[in-house]
Every structure is written in C-alpha cells, then in structure tokens.
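Please read the following briefing alongside the sequence and the coordinates. It is arranged by topic.

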Amino acid sequence: MICEHCGEREATLQLTRTSQGKTTVQRLCADCAGELGIAAPAGSGIPFGAWFGQSLFGGSKPDIGSGTLHNAGGIPSFGVPGGRHDTVCPKCGLSFEAFRKSGLFGCAECYTAFADRLDAVFRRIQGGTRHVGRTLEAVPVHRAEAPAERLATLRAELKRAVSEEAYERAAKLRDEIKRLELPAGSAPGKEQP
Amino acid sequence: MSWYIDAGPESDVIVSSRARLARNLRDYPFPNRLDSRQAQEVARRVTDTFFNDEGDARQDYLLVDLDAMTVEDRQALAEKRLISDDLAREGTNRRLIIRRDEAVSVMIGEEDHLRIQSMTAGFALDDAFRAATDMDRRLQGILPIACDERFGFLTACPTNTGTGLRASVMAHLPGLADGNRIRETVSGMGKMGFAVRGLYGEHSKSKGNLFQISNQLTLGISEDDLIADLQGMLRQLMEQEREARQGTFRRDPARVRDKVARALGAMRYAYLLPAEEALAHLSDLRLGLSLGLLPGYRLETLNRIMAAIGPASVQKAAGHVMNADERDQARAEMVRRLLRMPPDQVPRSADAGADQPDGARTGDKPEDTPLKDQESDTPDVDGRQIDT
C-alpha cells in the first residue's frame with residue numbers, strides 16, 4: 001500500500017478520523033505522518049508531534065462557573081425557540097428530548113444528529129464546546145485490520161509462501177493463522193507449542 | 001508490589017491516584033441502548049480481540065466474568081475499588097480485564113463500552129495517566145473507537161465527552177475535617193472545577209476522613225492541562241492539610257496522642273469491630289503515623305487493613321456467608337492479626353496469577369470459567385492471604 005500523501009513511499013500507518021458523522025481512513029508513510037504532525041505509537045520512530053486537536057482548535061481554558069457538577073439525570077432546557085420539531089438520531093432512534101430527559105446519548109451518531117444543538121448543552125455542562133485533547137492514534141496498517149480481514153490476508157500470504165517454497169515463512173504464517181482461528185471454548189494454555 | 005498497599009509519594013495525605021478513560025466502540029449503540037444480543041457481542045468482541053492480540057495479553061492479564069460472580073463477590077471487588085458500584089449491582093454482559101498486579105484494568109459494560117482505569121499508590125497522577133494511555137493506545141490499535149474531531153471521544157454521558165478522562169485521588173484530610181474546614185475547602189475546590197466526594201458518607205461527614213477529588217470538566221481542555229490543574233490544586237491542598245494537622249497537634253498534643261492511642265488499642269484488642277469504627281480508627285492511626293506517633297508501624301499495614309475491612313471483603317475472606325456480628329468478629333480478628341505482624345512480614349504481593357493452575361484463567365472465554373473457580377481465582381489477594 002502506497003502513502004496517499006506523497007504517493008511514493010510505502011504506507012505503514014493508518015489514521016481514522018470522524019468529522020460530522022463521516023469517517024475517513026488515510027494511509028500514510030512515516031515521513032508524511034511526521035510532516036503532518038500526526039503522533040504515532042511509541043517506537044514507530046515518529047517524533048511526538050502536535051495532536052490533531054491542538055493544531056485545529058485553540059487551547060484556552062473555559063470559564064468555569066461556580067458550583068459542583070451533578071449528573072442528576074437530565075439536562076436543563078435552553079429555551080429552544082418554539083415550533084422546532086424534535087430532532088431524532090437516524091441510527092439509534094433517540095430524540096433530542098429523550099436525550100435531555102435522560103442525560104445520556106444513545107450512540108456516536110447522536111452527536112452528529114444533534115450537532116447544532118450541542119454547543120448550548122456543552123457550554124452549560126462543560127464550559128467548553130470543542131475538544132482540544134488527544135484523538136485517535138495512527139496505528140500500524142496491519143493492526144488496523146479486523147481479525148477476519150487479517151485472517152484472509154494471512155491465508156493469501158501463506159498460499160504465496162508455500163508456492164514460493166518459503167517454508168519457514170509459511171510455518172510462521174500458519175502459526176499466526178492458528179492463533180487467530182482459536183475456536184470459542186478452547187483454553188490457550190492447551191495449545192501445542 | 002501493589003498499588004493499594006504500597007506507600008507512594010505524599011502518601012501521608014494522598015492515599016492513591018487514579019486515571020480513568022471512557023471509550024466506546026464506533027459501531028454499536030452506547031450501553032444504555034444496547035439490546036442484550038448486542039451487549040453480548042460487545043463483551044465478546046472486546047475480550048476476544050484483546051486476548052487474541054499479539055503480545056503479553058494472555059500472560060499478564062486476567063478475564064473476570066462479573067456476571068458469573070455472586071453479588072457479594074462483586075461487592076468485594078467494588079470495595080477494593082477495582083470495579084464501580086454500578087458494575088457490582090445487577091446487570092449483564094459485564095466483564096473485567098485486569099492486569100495481574102491489579103493496577104490497570106478495563107471495565108466492559110459500564111455506562112460506556114470501555115472504562116480504562118489505572119491506579120497508583122500515593123500522589124502519582126502522571127504515572128496513572130501514562131498507564132491508562134498505554135492501554136488506550138493498545139485498544140485503539142485493535143478496536144474501532146468512537147472519536148470525533150469536534151467533540152473528541154464520544155461518551156454516553158456528556159459529562160465525559162472530549163478527553164473522557166477522570167483523573168482523581170483519594171485524599172486523607174483529618175486535619176481539615178477536625179478544624180471544621182472541610183466544607184469551605186470542598187466548596188472552594190468546586191468553584192475551581194473539581195469534584196469532591198466523601199468516600200464513605202456525604203461530603204462533610206466522610207467516615208475515615210477520606211475524600212475522592214477529581215476533575216469535573218473533560219471538554220475544551222487537554223488531558224495534560226487537566227492533570228496539571230488538578231496537581232496544582234492538590235499541592236495547595238496537601239500544604240493546607242499538613243498545616244492543619246501540625247496546628248491541631250501543637251495546640252493540644254495530649255489529646256491527639258490520646259486519640260491515636262485509643263484507636264490503636266481498639267484495633268489491637270477489640271473482639272467486635274464494625275466497619276465504620278474500623279474506618280474511624282484507621283483515620284486516627286494514619287494521622288498518628290504521619291505525626292510520628294506510631295513507631296514500629298508502617299503505612300503498608302494500614303493500607304492493607306483498609307483494603308480488607310469492607311463487609312463483602314471480610315465475608316469473602318472467610319469463605320462463607322456471615323451475619324453482621326460474625327463479620328464484625330472476623331474483621332476484628334483479621335485486624336488484630338495484621339497489627340501484630342512485624343511490619344516487614346505483612347503480605348505485600350498482589351500477584352494474583354502467581355499460584356494459578358496452568359492454563360486456567362488467562363484468556364478463557366467467560367462461559368468456560370465455572371463459578372466455583374471465580375471465587376478463588378479472582379485477583380483478590382486478601383482472601384488467600386488472610387486465610388493462611
């Protein structure tokens with residue numbers, strides 16, 4: 001896989017970002033990730049750069065009101081102008097009204113569905129309305145695959161290794177496949193060495 | 001080495017530090033809107049992925065099926081602060097992934113899919129945060145975590161949105177409590193954006209003078225700033241507390257000595273010891289230790305006692321159901337024994353895996369672990385140690 005930024009070097013990192021409900025995946029090489037200021041897991045050789053949050057948003061502290069914060073269940077009404085119909089999350093079905101009553105979001109999508117009403121909510125509850133801390137790390141490409149995808153990749157590689165008569169590599173791949181295939185109910189301690 | 005026994009930095013005032021990160025999987029509703037099939041999937045997916053991942057997962061971590069435990073056993077875990085009270089109550093599809101030294105764990109099935117927690121002895125928030133972040137990184141590498149550029153990490157409750165970080169310490173404040181300055185101290189901290197909760201009882205009447213102090217805000221402030229703010233406030237608090245203690249002692253040393261001596265007497269000789277009383281005495285003993293009035297006793301011993309006196313913990317150590325009187329008797333006996341031990345012989349190890357039968361617990365799928373094994377194999381050091 002080639003880096004999507006420079007189009008030259010091999011991509012070794014995968015960065016997942018979600019903004020306004022859309023998730024994008026970007027595959028980068030170590031150099032471009034460093035250039036873009038993306039922090040990477042320790043040991044990947046990339047210096048600790050600016051976190052996404054800090055590069056995009058200001059770092060000023062919110063003005064904290066007095067009094068302790070209670071999640072007493074429910075979020076106070078903010079004088080929403082009359083006549084507006086209640087917003088509903090398309091994924092989990094939670095309505096904004098229900099969210100206000102219970103004080104809990106139903107799913108990640110709710111944040112997008114209620115986006116234009118959340119500034120008021122967070123201003124009241126948190127003081128701040130934008131995240132300025134850490135976000136998802138860029139992770140090595142092979143670890144970003146779901147186990148099923150990883151298995152498929154490994155099996156293809158095993159086939160190739162066998163056909164190339166690279167039996168040592170094939171044996172290593174076979175062991176990793178066996179580990180991932182561990183069927184439910186078997187204790188790891190009983191595996192053959 | 002054990003985070004709840006060891007004396008850490010500033011441990012005369014700060015008993016322990018904790019960093020908790022709230023995370024959710026991207027592709028499932030939050031726990032409050034999961035049906036039971038999905039909840040089961042979430043638990044299964046997280047635990048399978050974690051234990052099948054490359055590396056030390058199976059050697060260094062245990063999987064605890066909280067559903068398979070009795071409510072008393074869960075309460076024992078909650079008393080040791082390893083799981084939340086919520087998770088200890090009735091529920092389903094709850095799991096705990098816990099490192100053998102019990103300092104790092106992941107709760108599954110709480111208000112958010114994942115609650116990462118890391119505990120350290122004494123005042124060591126940086127260490128606790130670092131360990132929690134390591135686990136966070138590890139999970140991000142193998143599971144799709146819900147995170148947004150505008151709102152940060154997406155949590156069920158808006159009080160956790162953003163960093164999802166709750167940094168907290170357990171503080172022992174007998175000096176301020178004695179001087180009746182707790183209420184103003186607590187409200188002062190509240191105004192600065194910190195939450196204060198009496199560990200046992202409400203704010204100003206916390207039994208044992210133990211308070212949990214944490215950040216309130218999680219959005220609009222970076223993790224580093226959040227922790228730095230908390231540390232700064234706590235340094236001031238520690239100074240105030242120490243001054244208050246010294247002040248009280250200087251004003252009336254005989255009374256303080258008497259209080260400490262009576263606490264020691266009760267703990268060393270009482271035949272029936274209710275939990276509340278034990279907590280109150282522990283507070284006096286901690287104070288006595290910090291004032292140099294208890295040579296021959298170590299903080300580790302007091303920490304050990306505190307971890308073991310909860311009602312569920314006492315019952316678990318005894319191995320059978322007890323009524324209140326029986327518990328009070330068992331507690332008294334346990335405390336007498338611990339106080340009689342030479343300090344360097346007080347059991348220190350929290351290595352829950354040291355004497356596990358081969359292949360028994362690590363990485364086991366929940367339904368494979370019979371209920372009976374859970375009782376003895378749960379990483380609860382106290383039960384085994386006290387029985388010897």
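This is a predicted model: local features need pLDDT of at least 70, side-chain atom pairs count only at pLDDT 80 or more; totals for chains, interfaces and linings use all residues.

Residues are numbered from 1 along each chain as its sequence is written, chains are lettered from A and ligands numbered from 1 in the order in which they are written, and side-chain values use heavy atoms, with hydrogens and water left out.

**Confidence**

- The predictor assigns the complex an ipTM of 0.81 and a pTM of 0.75.

**Overall make-up of chain B**

- Chain B contains 15 helices and 10 strands, where helices (H or I, at least four residues) and strands (E, at least two) are DSSP runs numbered from the N terminus.
- Of the 388 residues in chain B, 63% are buried; buried means under 20% relative accessible area, exposed means over 50%, and partly exposed lies in between, with a 1.4 Å probe and protein chains only.
- The accessible surface of chain B is about 14700 Å², and 47% of it belongs to carbon and sulfur atoms; the areas come from the Shrake-Rupley method with a 1.4 Å probe, and for residues only the protein chains shown count as cover.
- When contacts in chain B between residues at least 6 apart in sequence are considered, 71% of them join residues at least 24 apart.

**Salt bridges**

- Over all chains, the whole structure holds 33 salt bridges, each defined as a side-chain nitrogen of Lys or Arg within 4 Å of a carboxyl oxygen of Asp or Glu. Side chains of opposite charge can pair when their charged atoms come close.
- In helix H1 (residues 36-52) of chain B, B:Glu41 and B:Arg37 are 4 residues apart and so separated by about one helical turn; their side chains form a salt bridge with an N to O distance of 2.5 Å, and B:Glu41 is partly exposed at 30% relative accessibility.
- B:Glu241 and B:Arg245 are likewise 4 residues apart, about one turn, in helix H8 (residues 223-251) of chain B, and the closest N and O atoms of their salt bridge are 2.6 Å apart. Which of the two is buried or exposed? B:Glu241 is buried, with a relative accessible area of 0%, and B:Arg245 is also buried, at 4%.
- In helix H9 (residues 253-269) of chain B, B:Asp258 and B:Arg262 lie 4 residues apart, about one turn of the helix, and their side chains are joined by a salt bridge (2.8 Å, N to O). Here B:Asp258 is partly exposed at 38% relative accessibility, whereas B:Arg262 is exposed at 57%.
- A network of salt bridges links B:Asp65, B:Asp67, B:Arg94 and B:Arg95.

**Backbone with positive phi**

- Most residues other than glycine have a negative phi, and most peptide bonds are trans.
- A:Glu165, which is not a glycine, has a positive phi of about 60°; A:Glu165 sits in the loop between helix H7 (147-163) and helix H8 (167-180) of chain A and is exposed, with a relative accessible area of 58%.
- B:Glu102 also has a positive phi, near 65°, in a residue other than glycine; B:Glu102 belongs to the loop between strand E3 (95-99) and strand E4 (104-108) of chain B and is buried, with a relative accessible area of 0%.

**Packing within chain B**

- Helix H12 (residues 311-318) and helix H13 (residues 324-340) of chain B pack at an angle of about 80°, with their axes 10 Å apart; axes are lines fitted to C-alpha atoms, for helices over the stretch in contact, and angles run from 0 to 180 degrees between N-to-C directions.
- H12(B) and H13(B) are therefore roughly perpendicular, given that angles under 35 degrees count as roughly parallel, over 145 as roughly antiparallel, 65 to 115 as roughly perpendicular and the rest as oblique.
- Where these helices meet, B:Pro311, B:Val314 and B:Gln315 in H12(B) face B:Arg327, B:Ala330, B:Arg331 and B:Met334 in H13(B).
- B:Ser168, in strand E8 (residues 165-172) of chain B, is buried at 2% relative accessibility. Leaving aside neighbours within four places in sequence, B:Ser168 has contacts that include B:Ser16, B:Arg18, B:Leu125, B:Gln212 and B:Leu230.

Conventions: Contact means heavy atoms within 4.5 Å.
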